[in-house]
Every structure is written in structure tokens, then in C-alpha cells.
Amino acid sequence: MSTVVPFLIFLVAGALSAYHRLRLAVWAALTATLLVAGWLLGAHAGTTTALAVLVVLIAVPLLIPQIRKPYITTPLLGFYTKILPPLSDTERTALEAGTVGFEGELFSGKPDWKQLLDLPKPELTAEEQAFLDGPCETLCQMTDDWDITHVRADLPPELWDYIKRNKFFGLNIPTEYGGLGFSALMNHKVIQKLASLSAVVSSTVGVPNSLGPAELLMHYGTEEQKQQYLPRLADGRDVPCFALTGPFAGSDATSIPDYGIVCMGEWNGINVLGIRLTLNKRYITLAPVATLIGVAFRMYDPDGLLGDKRDIGISLALVPADTAGLDIGRRHFPLNSPFQNGPIHGKDVFVPLSQLIGGEDQAGKGWQMLMECLSIGRSITLPSTASGGSKMGAVAVGSYARIRKQFGLSIGRFEGVEEALARLTGNAYACSALSEATAAAVQRGENPAVPSTIAKYHCTEMGRRASIDSMDILGGKGIILGPRNFAGRSWQAAPIAITVEGANIMTRSLMIFGQGAILCHPWVMKEMKSAQLEDPKARIDGFDAALFGHIGFAISNAVRSWWFGLTGARIGSAPGDGDTRRYFRKLNRYSAALAVMADTSMLMLGGKLKFKESLSGRLGDVLSQLYIVSAMLKRHQDAGNPVGDQPLLAWAIHDAVNKIETALSGALRNFPIRPVGYVLWMLIFPWGRRAQAPSDRLGHKVAALMMTPCDARERMAEGIYTTPLANNPAGRIISYLPKVILAEPVERKLLKALKNSDIEALEFDAQLDEGVREGWITADERVQLEELRAITLDAIMVDDFDPAELRSAGYAAVHGRADARAAA
């Protein structure tokens, strides 16, 4: 036999072992057995012997701990310790605050899909569903977004009262403290429904139920603090806000300049030990109406009243709004979205130590508390707001695109509009799945640090894209503000969600992959922790297990990535049915590619990777899209794999896979070490890039679903407010679609008759009269066409105003008397 055969045996045995992640001893035994078999069958003896010796030289030192640990592991530990990037206390806290769920599998290169698909289906309790169908529906009925955003620049008093009375501020406060005790999923559902009608109302309800005094008290408050404040927060007697951001500490919350000095002071007429606060905050939602303010500050004890430590660290305190020295400033006005938002200032604001959240024992632990609770706002409030807005956009704009006609054809039939409508719908589908998945993770008791940043960034970006596509399709209907406009305010306010809870630019480039590469990787955190152990034996043992586990992991993913790239991920075990199995296989491929890229980047760049934000951002995009597709596949299974949703699922997954390959391509083409980038390219894309954006044919199917009453459209509309009332123009347009479709054949019949006749009537009513006289249409059909004209006009009409109606109340207050004097 040829001398090539032993080499093929060696390579195939190694590849199979790596692909299936067999242990080193199994690889050695398998390779040796195959080499012996080859030799017996006539393979070249010299080559076979040389390769057998190579197997022994690799396996023996690695399999015998007495050789491996002192001569291999110990030197590598010394090298690793030198290149290990230093972690600050704040970075370590951020990494250790979160838990790892299924996203960890996406970093494995071999995801356990059973773990995902076996997760319980997210469902509301009967009590939660009753609240959603009752008080939440009523709140929507009471909401007039134009009145809120233009006339009042605030919620009307009856809305504030209804929200407080029905405990919308206490959705997640336990019942034993007077709240409703609802789940994170219910929180998501409420915010999503409210946001489909009014972002101002949804943010007003959302903020007290996310990061703020109630959430912090539930996790860290003393029992006395819980008994005192939670019932008042639940029923609205206290309105909360949380003051974190300041002019000189935005996204970098660890650099808070606000400080508190431990000292003696007077509180309720008694001299007690406390903190004298100086603070300057801005962008604080609900600040103008808040009665209880959570404050983040750096705490100092210069006189040693609490002990030897002078810089105690970031701490959190509850400060009543009427505390002496505290000044709530005038309101901010964020892009014509008048939710209550403003600055807070304070000088020499004294509060006792009992106002520290968690009491004196939690002094200096504020950063840890914030990191452990920030996932709520990122996981629920902002993603749910984006989901509600984008779902409403898809369903309402789809209806409008069928109703609105140009050149005798529904505008949704034009390919340019069809493309935008398909993109709007696909993004709404993905956004809905992603927001529900992260809420479900919180409901399961996870603290999803990485998924929360993925959800915050991508839901708000998809929401922004959805608002742009909605405006492009609506045209003049979208740009004329007024009671009939359901899209203009969402378009104006889209950058707000992009900016808050961490600016999206920094979330993408620093946080998603920065946290994920360490927190979700199966070996990196173990290596880091073991390298820092004080006991020498434990340090070597722990690092040895993690290091060689990591090496085997990296080799396996390199082989798997190359094999999947070579075969186009068409071969391999995967769950799912005939439609979804191919998607799971693609995820297997890109999971392996991500793992290879992450390991190579960390190995070659070390601590410098932290500053390679473009590379980090692109790898974060890969992780994000893997998580989004996983969420969509899980939701599709939970829904019973509906056939009608297959075009939506296919469009969204094709879009995600195209983004994954674009991100990988960009990372490889710009890899800082060019030769390494070339090698990785051949490994990941042996045939070049193959993924494409969703086809026009698929986009046509998706757009058609939103312009036709069907199960898929009904599922898209689930969870949003579609009741056709005067205060809900989108709901009215949605309700018109079935009637418009029923009337279309009659409309075509009349238009054809008019075109082929010498009729002189120019007015619509006169044309209908002529149509009935000539027998083109029946009397009943005339009524149907009259109704069609009326609902079409309601759908496409825009508002107009007297100039005085467009002046703000502030203008009247400032200029009213002067104008009156001038007129006199």
C-alpha cells in the first residue's frame, strides 16, 4: 500500500476524534489500532512506525500527570499569568454578577439543542391573563397618545390615578408587600401591549418595574425597608426614580463623581449617624414626579466613623424627594416624547445610614447590586417596548399597504414597498421572539447578563429600523402629526431607546462579546479563576484541567468549523423537522466558527483585544444573531411549528445568517494579524461566503401575509392593542382590512365598467348611481363601495390644525398676556 495511507489514517482518526470530542486516550488508542490495521494490510512500515512514535510522543507526556503538570502545565501557567489582562474590581464584579443560560452553549461549538428545546414554554397564569385582558386593556382604552404627547406633554390625571390604583407600578412586587406578584413574562406582556399604543405610557409603567428602588429593595433591602416602602411603591403613594447618570458619568457609571460623607446629622429631629450627599444627576426618568429617589454615589468615611476604610465605594441610598437640600430640576424634553424625565441636584443632603439600601451591611456594594439588577431593564422594558412598536407597525402598515392604492393597485404590490414591508415584518418577528426569550430567562430565575445586552441592543435597533420602514411605506400619512398618526411619534422617539441603559455603540462594541467571551466560554473563566488561586497545588490542578480542556475544545472547533464549511453544514445530526433541521445545522456551523474566532482572538491579542472594538463588535454580532435565531426556533416550536409562519421564520433566519457571515467576513478581513486572518478564512469559509440576504420571492410571501387575514398575521398581532377605537388609529386600520378585501372584486368591477363606458359623472356618488342604473353593480354592492370609500378615507386621511392648536401651553403662559396687550 502507498506511503500516503498511514498519513490518511493519522489525519482521519484525529479529525474524527476532534469532531466528536473524544478523550485523548481514545484518540491515541483509535489511531494506534488503525495504524496497526493498515500495517497488517500492507501499509508502508517505515511511515507507519514513524507516525506511531509520534502518537506516543504526544500521548504519553499529556496522559501522565506526573510528567504533564510539572513540565508542561507549570511553564504555561507562568506564561498565562503574564499575558492575562488585569481585571479591575468593577470588571470582575460585572463578570461575576450574571448567570449563564443557553447562550453558553452557543460558545461551545457544539450546542446541546435539547437543553434549549426542553425549556418550559413561557406562559401566563390565569390571574396574569385576566389582568392583561382587564386593567391593561382598560388603560389602553383610556390612552390618547396625541393628548399626552402634544396637548398636555404628560399623562392626564385620570391616567395617573388609574395606573396607581391598579398597581401598575407594582407588577413584580410580591403580594405580601402589597404588589401584584406577577412574573417577568407578564411584565414583558404589559409593556409590549402599552408600547403598541403609547411609548410614553409604556415607559411610565416600565421604569418603576425595572431598575429602581422596588427592584433593589426586593433583592437587597432590609425587612424593615421592604415593609416601609414596597407597599407604598406598589399602590403609587410613592412614585420612584433611580438617579445614576450624571454629566460626567454616563455609560461609565463606575466614575460617579457624586459623593456622600459619613457624619453625624439631624433626621426627624434626632441626631444620628448618616451620610451627607452631594449629587448632580440628569436624564432621570420619573424624576419630576418622583417622591422616592434611589441615588448612586461614592461613599467616604474620612473620620473613620464606620471603621478603618476611608473610601467605602459605590453605595445606594433612598432619599425622599422632600429631603432638605435636594432639588429636582425642570423637565428634559426627549425628542417630543414627554415622559417625565429631568435632572436632580443636591448639596449637603443628609440621610441616616438606615436609608442605605440593605442598610450599613450593603455600604460599598452598590456596583454589584446594580450589575445584578441591570439585566431587568435591559431584558424586559426596552426590548418589550421595541417588540410592541414593531409588531404594531407590521400589522397596521401591512393593512395600510393593502388599503392604500396608487395607479389602481395596492401600494403593497409594488416591489419597493414589498421589500420594506417584508423587512419590517421580519424584524418584528425576530424582535418579538428575542424579547420574549430574555423575559422568560428572567422568569426562570436567571440573571442573563449577556442575553440582556443582546436584547437591549438588537431589539432597539430592530425597532428603529421598523419605524423607518413604517414611515417609508406610510409616506405623507406618517409625516403629518396628529390624532390620526400612529407612527410619527415612534419614529421621533426611536433614538431614545438606542441611547438609554447604555449607548448602543458601546453595548455592541464593548459589552456583548466582552462579557460573552469570558462569561459564556466553557473554559476561559475557569482558567482565570484557577490562575488566581493561592494554594499552589490547587492552582496547578485547576489550571491543568482547564487548560487542556480548552486545548481540546479549540482543536475540536477548528475541525468542526472546517468540516461544516466544506459541506455547507448539510451533514450532521440536528433536531427539528424537514423545515427547521437545516437551520439548526447552520447554527452548529457558526457556533464552531465563533468559538474558533474567539479563541484565536484571545490567544493572539491577549489584553489588547479589549481595545479592538471593531473586532469585538463583529464577534458580538455573531453571538447575538446565534442567540436571536435560537430564540426564534424555540418560539416556533412552542407555537406548534405552524406552517403559516414558515415564510416569516425563513426570512428572519436568512437575514440573521447573512448578518453572521457579514460579521465573520469583516472580522477576518480586518484581523489585526493578517496571516492569521488568512488561515482562519480558509478554515471558516473554505468555499468563500455563501449566505445571501432573503430573496425577493421570500420577501413577497412575507409581505403578502401582512396584507391578508391569516393565522400568521393573527399571531403577529398577539399581545398588541388592536381595538378599533377613536384613540387607536392603527387599530381602526387593522380592523378595515377584511372589509377592504371583500370589497375589492366589486371595486374592480365598477372601475372596469367606468373605463369602458362613456359615463360623464365625475363625483363618486354620481358614479355609484350610474353603476346601479346600468346594472354594473347592485344596490347592496353600492353600500359596500360607500363603506369602502369611508374606511379608505379614514385610513389615509391626515390632520390639520388652527395655528393656535399647535402652540404649546408654555407659549400661552409666556406670551399670552403680551399678545393680548399687543392686540388691544
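Predicted model: local features only at pLDDT ≥ 70, side-chain atom pairs only at ≥ 80, totals over all residues.
Q: What is the volume of the largest cavity, and how many residues line it?

A: The volume of the largest cavity is about 220 Å³, and 20 residues form its lining. If you want to find its centre on screen, look for Leu116, Leu119, Ala437, Ala631 and Lys634, which lie nearest to it. In total, the structure holds 3 cavities of 30 Å³ or more.

Q: How many residues of that lining are nonpolar, polar or charged?

A: The lining of the largest cavity has 12 nonpolar residues, 7 charged ones and 1 polar one.

Q: How do I read the packing of helix 21 against helix 25?

A: The general idea is simple: two packed helices are described by the angle between their axes and by the distance between those axes. Here, helix 21 (residues 504-519) and helix 25 pack at about 65°, and their axes are 7 Å apart. The crossing of this pair is left-handed.

Q: Which residues make that contact?

A: From helix 21, the contact includes Arg508, Leu510, Ile512 and Phe513. From helix 25, residues in the contact include Glu613, Arg618, Leu619, Asp621 and Leu623. By class, the contact of helix 21 with helix 25 has 7 polar, 5 nonpolar and 4 charged residues.

Q: What about pockets: where does the second largest pocket lie?

A: Use its lining as a guide. Of the 25 residues that line the second largest pocket, Leu22, Arg23, Leu24, Phe548 and Gly552 lie nearest its centre. The pocket has a volume of about 910 Å³. Helix 1 (4-20), helix 2 (24-40), helix 3 (45-63) and helix 23 (536-567) each supply at least two lining residues, and helix 23 gives the most, with 9. The lining divides into 15 nonpolar, 6 polar and 4 charged residues.

Q: How many salt bridges are there in the whole structure?

A: Side chains of opposite charge can pair when their charged atoms come close. A search of the whole structure finds 34 salt bridges. One of them joins the side chains of Arg484 and Asp799, at 3.8 Å from N to O.

Q: Why does the Arg484 and Asp799 pair tie together parts that are apart in sequence?

A: Arg484 sits in the loop between helix 19 (476-479) and helix 20 (488-499), while Asp799 sits in the loop between helix 32 (779-796) and helix 33 (809-823), so the pair ties together parts 315 residues apart in sequence.

Terms used
Residues numbered from 1 in each chain as written. Heavy atoms only, no water. 1 Å grid on protein atoms, 1.4 Å probe; cavity = no way out; pocket = protein on both sides within 12 Å on 5 of 7 lines; lining within 4 Å. Points joined across faces, edges and corners; volume = space filled by probe spheres on them. Nonpolar A, V, L, I, M, F, W, Y, C, P; charged D, E, K, R; others polar. Axes fitted to C-alpha atoms, helices over the stretch in contact; angles between N-to-C directions. Helix = DSSP H or I, 4+ residues; strand = E, 2+ residues; numbered from the N terminus. Left-handed = near helix turned anticlockwise from the far one by under 90°. Contact = heavy atoms within 4.5 Å. Salt bridge = Lys/Arg side-chain N within 4 Å of Asp/Glu carboxyl O.
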